[in-house]
Amino acid sequence: MTTTTGTLTTAGSVGSAHVRVEGRAKVTGAARYAADLPFAELAHGWMVLSTVARGRVRSVESAPVLAMPGVLTVLHHGNAPRVDGDYVGTLGRPDPIVACFQDDHVPCAGWPVALVVAQTPEQAREAAEALAVQYDEESHDVAFYAGRPGTYTPESSPMLQAETLKGDLEAELAASAVVVDAEYTTPQEHHHTLEPHAATARWEGGRLEVVDSNQGSMWVADELAKLFSLDPAAVRVRSEHVGGGFGSKGVRPHQVCAVMAATVLHRPVRVVLTRRQMFTAVGYRSPTAQRVRLGADADGRLRALDHQAQNLTSRVYEFVEQSASIGRVMYDADAHHTVHRVVPLDVATPTWMRAPGEAPGSFALESALDELAEKCGVDPIVLRSRNEPVSGPVSGLPFSSRNVLACFREGARRFGWADRDPRPGLRREGRWLLGTGTAAATYPSGAAPSTAAVTAEADGTFTVRIAAADIGTGARTALTLIAADALEVRPDRVRVRIADSDFGPAMIAGGSMGTRSWGWAVMTAVDELQDQLALGGDIPPEGITVRSDTSAAVAALAAKERHSFGAQFAEVAVDTSSGEVRVRRMLGIFAAGRIVNPLTARSQFVGGMTWGISMALHEEAVRDQASGSHVSADLAGYHFAANADVPLVEADWVDDPDADDPVGIKGIGEIGIVGAAAAIANAVWHATGVRHRHLPIRPDRVLLSGSRDTASG
């Protein structure tokens, strides 16, 4: 049945385009974010970050600052409340950066050394900029390059399989008719959300309340309870509207600073990070150095696949960018080796950033596959089809579904791939050389235990309560549609309340697992509620509420390789006089489970692909070796794709429901960026005949490679 009301059309709700349920509130300014909510007697904190890359704080000269107008306190290692940073949280032990002001140690530039709190944000900023901090500076090392001394292979853990090996790699490489052996690098990248990180903390009736911008209110509440040695029931975190996350909005120093100050001052305190502070205080994507070796028969069938990935980490906390993991899923070979290596440096700790591992890893692997196709004289799509595995190349497990070839077939048809002349450097429009490229995409599809409560109200409506997080993805709307479908009512009869830790445990918004995990919990609660309603009788004024917990159901899932897949296509133009690369069009076709809301899903895919343009051509954080700090730590010096850089970007999908999920969902948040940079780099090769193995593909690199190519030719 299809019904229409105004601009809203529902056809069973799930699968039909639906505007965001909070859309009007957002475009009219009624939706208030973490830094917008008013509080009586609100004070404002301003973080002071280290200006040296390594050393110790000798003194914090707070007396002159405390005499400035409006200043309430200055917190530092000499007077800050004590916290317990030696705990195990949801994702393991925390990065020591969240245990603010516990000692005088400075392990990197941008390390929190003080917090100035004042009556107004302007007073706090002025005082923070006036605060003199003296250091005993030590020598530092921030230089990252392939194979540098100190690089090691980390120990494997439940969240990291550091190395895999199958078969005799060197023997298969030696027996191969065609070999690709190449090194690829990606630079440090940053996930600067539209909404900066912000948190307000206050004590109310002996209970800590934090209004925050995060990717999981229950997650943050649990971490804060552990840090401050509080009863978990004594901490409440709310995060109703979030202006982007991309992996950066977990537990960070600003929340801890706000709680410390609120505890000391006995009044609400808000801490908002600046753009410059976000370059060090909230994580980033580590640069990578990757070596890919492929050995194949003359027809392109892989005999050997070797992917070695290296990233940097801080000296105080190990983080591994799992770039080599993508090959464990995508391609089989008689001999298969992947390994992750890290090198600790005097830098802030990297963290998860949209499609962690798969984004940089796909650039290396999918570029190498294109090089292999060229050497074998095989079409890149045909080469991939010849190396399509029937089960997990490393695990041996069956795939829940694997429709990557369907994505390539549909994408090739719509992109006009059959008309492509594979020879490079032939198409030209004036000073522009034209080329096309393609790459595969994949990202894991998981589910995590979650709880939800669904209430049948006396007025005939329904209320869903779940500690989900809508970080701009449209999750709130997706859950509304899922609940409406399960309840067999119109979406306007369902109210979804999210992002309150009081609602109980739920998966964070991350790993493309949020909507699947939350939708499962909502479906489970609705099923039980329907059973109760079927018994008949009036609904009491307080309603009838059912609570679900999917822990047992998720644990009972059979072991399988569960992933979304996709195919990326790009056409580029390269200016032979300036070296500028422009993407003219992009197409992504995805197999990502059942699509709950096509309107917001398409936005997620297109957003990821747009970020792929940024990754391929623009984004590059540069670190000054002498100071250990960033060069131009702002959005003027750190360039990303703006409107003029983004062409026609189209995204669509093939039918791919997951039979093991109650709704058929997989996950779509990360996969849009995977393979996008490789497709663009492969298109640049097709346009110019020159391979670019180092991102971003800047004009100077294009010109330099062109001059070298001309000279060698």
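Colleague: How much space lies in the second largest cavity?
Modeller: This is a predicted model. Its cavities of 30 Å³ or more number three. For the second largest cavity, the space comes to about 40 Å³.

Colleague: Which elements give two or more residues to the lining of the second largest cavity?
Modeller: The lining includes S367, E371, A681 and N682. By class, it has two nonpolar, three polar and three charged residues. The elements that give two or more residues are helix 9 (358–376) and helix 16 (676–688).

Colleague: Which residues are the closest to the centre of the largest cavity?
Modeller: The largest cavity has a volume of about 280 Å³. Its lining holds ten nonpolar, five polar and four charged residues. Of the 19 lining residues, the closest to the centre are P94, D95, V251, Y317 and W352.

Colleague: Now strand 20. Which of its residues point the other way from T451, A453 and T455?
Modeller: Side chains in a regular strand alternate between the two faces of the sheet. Both sets in strand 20 are buried, that is, under 20% relative accessible area. Opposite T451, A453 and T455 point A452, V454 and A456.

Colleague: Which residue of strand 23 stands opposite A452?
Modeller: Strand 20 (451–456) and strand 23 (544–549) run antiparallel. Six bridges join them. The residue opposite A452 is S548.

Colleague: Which residue in the turn between strand 20 and strand 21 has a positive phi?
Modeller: These two strands pair in the antiparallel sense over four bridges. The hairpin has five residues between its strands, and the one with a positive phi, about 90°, is G460.

Conventions. Residues are numbered from 1 along each chain as its sequence is written. This is a predicted model: local features need pLDDT of at least 70, side-chain atom pairs count only at pLDDT 80 or more; totals for chains, interfaces and linings use all residues. Side-chain values use heavy atoms; hydrogens and water are left out. On a 1 Å grid over the protein atoms alone, a cavity is a set of points where a 1.4 Å probe fits but cannot get out, and a pocket is an open set with protein on both sides within 12 Å along at least five of seven lines; lining residues have an atom within 4 Å of a point. Grid points are joined across faces, edges and corners, and a volume is the space filled by probe spheres set on the points. Ala, Val, Leu, Ile, Met, Phe, Trp, Tyr, Cys and Pro count as nonpolar, Asp, Glu, Lys and Arg as charged, and the others, Gly among them, as polar. Buried means under 20% relative accessible area, exposed over 50%, partly exposed in between (1.4 Å probe, protein chains only). Two strands pair if DSSP finds at least two bridges between them.
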